[in-house]
Amino acid sequence: MIISSSLLRLYSRPSANSGQRIRLKRCLEGISLWLAVMLMLFVHPLYAEANETDNVGQFHFVDGQGQWQEPALVLESDFDVRISGLIADSRLLRRFRNTSDRWREGVFVFPLPEKASVYGLTMKVGERTIEGKVQPKETARRTYEKAKQAGQHAANVEQQRPNLFTARVANIPPGETVSVELKYQQPVQYQAGVFELTVPTTLTPRYMPGKALSAAPDQWQGGWAVPTTEVPDAVAISPFTVNPGDVADDSHRAVINLVIDSGLPLESVSSPSHRLATSQDGQTFSVRPDGGEILMDRDFVVRWRPVAGLEPSAAVFHQSWEGEDYLMAMLVPGESGTMVLPRDLVFVIDTSGSMAGESIRQARDALQAGLDTLTPRDRFNVIQFNSQTHSLFMQPEVATGNNLARARQYVDRLRADGGTEMAPALSRALEGGGETEDGARVRQVIFITDGAVGNEAALFRQIRQQLGNQRLFTVAIGSAPNRHFMREAARWGRGTYTAIHSPSDVDGPLQALFSAMESPVLTDIRVNWPGQNAGQESFPRRPGDLFQGEPLIHVVRGVPAMGQLEVSGRLPGGRDWTRALDLQQAASATGLHRHWAREKIDSLEDEAKVAGREPDKASLTELAVQHGLMSTYTSFVAVDSTPARSAETPMTSDNLPTLLPAGSQAGMLRYPQTATPAPLLIAIGLVGLMFSLAIVLLQRRAFS
């Protein structure tokens, strides 16, 4: 506008040269019209940006200038984990300390293990302890809101995803602390002779595909995303993500203590994520991070390996609960498969913005390691995806030296940027259902990603529909991947799941993965428990194929620890395989009834998905309440009956952020900010002024 005003003054000066004056006037008209067009082009991306699904709403952690302010609540966490056999029982204590002079409500979205069974909630206020109860989710919400409005101390925890939860704590007094303790259990992972347990502490911000269901909200919001056509609950799974320096020095820190009682002599206890301090008492190990507290910016991962030659190949556990018997069996087939047929191997690598930093380097290393396994009999392709999908080849090409060299150069040049449009990449990778011209090839897909998406259910549905006779293997990348997506995608893809935790952790897990991909060890698996009708209450109902080093884990209700469990299947080459386990040798265990209930809930939900119908909400709610479990339809709520805050005293809600996962770049930060359309309004004003100037000049020309 300064340039246009100067030109207009120049145009208004008297001049003896009328030709020069006409040329100047036409020049001004052209400049004005071009500036107007350019400003219109400038306005469009501003308008689009104002309507993108990852735009944030207003938030009380910003001041009047839109600058981040430290939250008033300080978050402290203690994890106490005790591992016995194949079950890890955890107590997670969250302390919400109010450092302000106002009453507060704390809201915190946090991860738990993807197979966690949450079975207890306790709220502690001063010397008082209030036990929580499982209620249907809508009932629990109403109970909590009523208590909050009445000024009572209250806590509510509900499940957003199988590995993502929201805790709400109401009426935290000024200068005081309210604690919430969660009890949950999870199965211990066992693969290729190594046990592994993961304690998640933060999450990678998830991409929300689809179109916004509404404009960016004009009120305070608890999440950075707005609902979309594909992720209608986006606001509930998008906590703000900040740097450690944006919270108090003693906030978002965790103390973790593990006790490992495996019943086996251990050769080693290690972690790919943290340095450990360990102590041993017989066969029991106590483990904690070296140095005490850790920053909640990555998953805490612990692995332990039995002494060579003493790895378990079979185990049975028993529990009696409320008059019912529960049994869990683990069996590792001792045979190893051998790949007979050549492969079509498709590598899919996530190059979206969430993979920027250390993640994309790990992903490139993983893909290069996969290329090294190819032989001249194999064909392959490399597909990358972010906001768009791109393939190295139009179709899988023979793994010649020249093609492999092209692929390695292609992979080395990959950079991370843009959105996570996963569905088109899956569609391209799985197109054709794995059918080949002569049927003499095995088609395998390796999917390398952090799984940071919010539309998991739609992607699982796509895998089921497009898989055909091929197999999908997933490789989780990063310090806080979406393990629920990675594990379930592999399960629906009839493959296996592998996690890479750090640059030094690439070789071991990938070597196990590529060995497993050589062929399934056991197919057509049948599990027969004693008793004619016992199979109706055993899970999983239809066990998938087993790969090298992978155990079969089965749980049943209503079968006493008597008789034999018979497992049969088919080995590579068509040979039959059978194994019997003596149930009288079962070791005593706890938590099996919750594991069985969780498996049954998952099985019923799977059956509904495959059939394309809604799950039986009433039956699932009844099952979860009976076993005291949180689920899709049930939540925990605890209320202190004594009012603490008067109705006249205001209360402010604090939506606590999560920390940026270690190794991520600043582009993944999701700071709250005021949702003001100032840039858009300024641009619209400039366009209006430029058009006004153009119209004035044209009018002068018409009447001159």
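Colleague: What should I know about the source?

Modeller: This is a predicted model, so local features need pLDDT of at least 70 and side-chain atom pairs count only at pLDDT 80 or more, while totals for chains, interfaces and linings use all residues. Residues are numbered from 1 along each chain as its sequence is written, and side-chain values use heavy atoms, with hydrogens and water left out.

Colleague: How many of the residues count as buried, as a percentage?

Modeller: 54% of the 704 residues of the protein chain. Buried is under 20% relative accessible area, exposed is over 50% and partly exposed is in between (1.4 Å probe, protein chains only).

Colleague: Which residues have the most contacts inside the largest nonpolar core?

Modeller: Ile 83, Leu 258, Ile 260 and Trp 304, in a core of 72 residues. A nonpolar core here is a set of buried Ala, Val, Leu, Ile, Met, Phe, Trp, Tyr and Cys residues joined through side-chain atoms within 4.5 Å. Apart from that one lies another core, of 35 residues, including Ile 349 and Leu 392.

Colleague: OK, helices now. Which residues of H7 are buried?

Modeller: In H7 (residues 456-466) they are Glu 456, Leu 459, Phe 460, Gln 462 and Ile 463. Helices (H or I, at least four residues) and strands (E, at least two) are DSSP runs, numbered from the N terminus.

Colleague: Why are they on the same side of H7?

Modeller: Because they cover an arc of only 160° around the axis, taken from the directions from the helix axis to the C-beta atoms.

Colleague: And what covers them?

Modeller: Among others, strand S7 (152-161), helix H6 (422-430), strand S26 (471-477) and helix H8 (483-492).

Colleague: At what angle do H10 and H11 pack?

Modeller: About 170°, with the axes of H10 (residues 592-611) and H11 (residues 617-626) 10 Å apart. Axes are lines fitted to C-alpha atoms, for helices over the stretch in contact, and angles run from 0 to 180 degrees between N-to-C directions. That makes H10 roughly antiparallel to H11, the label for angles over 145 degrees.

Colleague: Which residues make that contact?

Modeller: Trp 596, Ala 597, Lys 600, Ile 601, Leu 604 and Glu 605 of H10, and Leu 620, Leu 623 and Ala 624 of H11.

Technical notes: Contact = heavy atoms within 4.5 Å. Parallel < 35°, antiparallel > 145°, perpendicular 65-115°, else oblique.
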